[in-house]
Amino acid sequence: MKTIRHPNNQKGSATVVVLALLSIMVILETAEFAAARHLDSDLRLIEKRQLQRLHHPSPKQATIPNNNQPHG
């Protein structure tokens with residue numbers, strides 16, 4: 001039975017490629033997590049502003065007359 005011998009430089013280069021791919025995956029995962037946190041904080045800020053707007057109407061909204069009541 002013959003055994004196939006691989007030169008050591010092929011094993012080393014395969015290891016480098018696998019480590020490079022793993023590093024790229026970790027970098028992408030970290031960037032995705034940071035973007036998700038940023039979006040979450042933006043959504044919380046938007047929700048807070050909308051709730052404030054709904055609970056405290058602007059002066060224009062408060063002075064609009066009600067046209068449904070009869071005059072007179």
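Me: How many helices and strands are there in the protein?
Reply: Start with the secondary structure. The protein has two helices and zero strands. Keep in mind that this is a predicted model.

Me: Which residues does helix H1 cover?
Reply: Helix H1 takes in residues 8-55. Val-17 has its place there. Arg-44 and Asp-40 lie in helix H1 too.

Me: What share of the residues is buried?
Reply: A residue counts as buried when its relative accessible area is under 20%. Here, buried residues are 0% of the 72 residues in the protein.

Me: And what is the accessible surface of the protein?
Reply: The total is about 7600 Å². Carbon and sulfur atoms account for 62% of that surface.

Me: Which residues form a nonpolar patch on the surface?
Reply: For a patch, look for residues with over 30% relative accessible area. In this structure, Val-17, Leu-21, Ile-24 and Leu-28 form one that is nonpolar. Together they have about 380 Å² of accessible area. Take Val-17 as a case. Its relative accessible area is 49%, so Val-17 is partly exposed.

Me: How many salt bridges does a search of the whole structure find?
Reply: The idea is a side-chain nitrogen of Lys or Arg within 4 Å of a carboxyl oxygen of Asp or Glu. The search finds one salt bridge. The side chains of Arg-44 and Asp-40 meet in it, at 3.1 Å from N to O.

Me: Where do these two sit along the helix?
Reply: Arg-44 and Asp-40 are four residues apart in helix H1, so about one helical turn separates them.

Me: Is Arg-44 buried or exposed?
Reply: Exposed means over 50% relative accessible area. Arg-44 has 55%, so Arg-44 counts as exposed. Asp-40 has 37%, so Asp-40 is partly exposed.

How values were computed. Residues are numbered from 1 along each chain as its sequence is written. This is a predicted model: local features need pLDDT of at least 70, side-chain atom pairs count only at pLDDT 80 or more; totals for chains, interfaces and linings use all residues. Side-chain values use heavy atoms; hydrogens and water are left out. Buried means under 20% relative accessible area, exposed over 50%, partly exposed in between (1.4 Å probe, protein chains only). Patches are made of residues with over 30% relative accessible area and no salt bridge: like charges are joined within 9 Å, nonpolar side chains (Val, Leu, Ile, Met, Phe, Trp, Tyr) within 5 Å. Accessible areas come from the Shrake-Rupley method with a 1.4 Å probe; for residues, only the protein chains shown count as cover.
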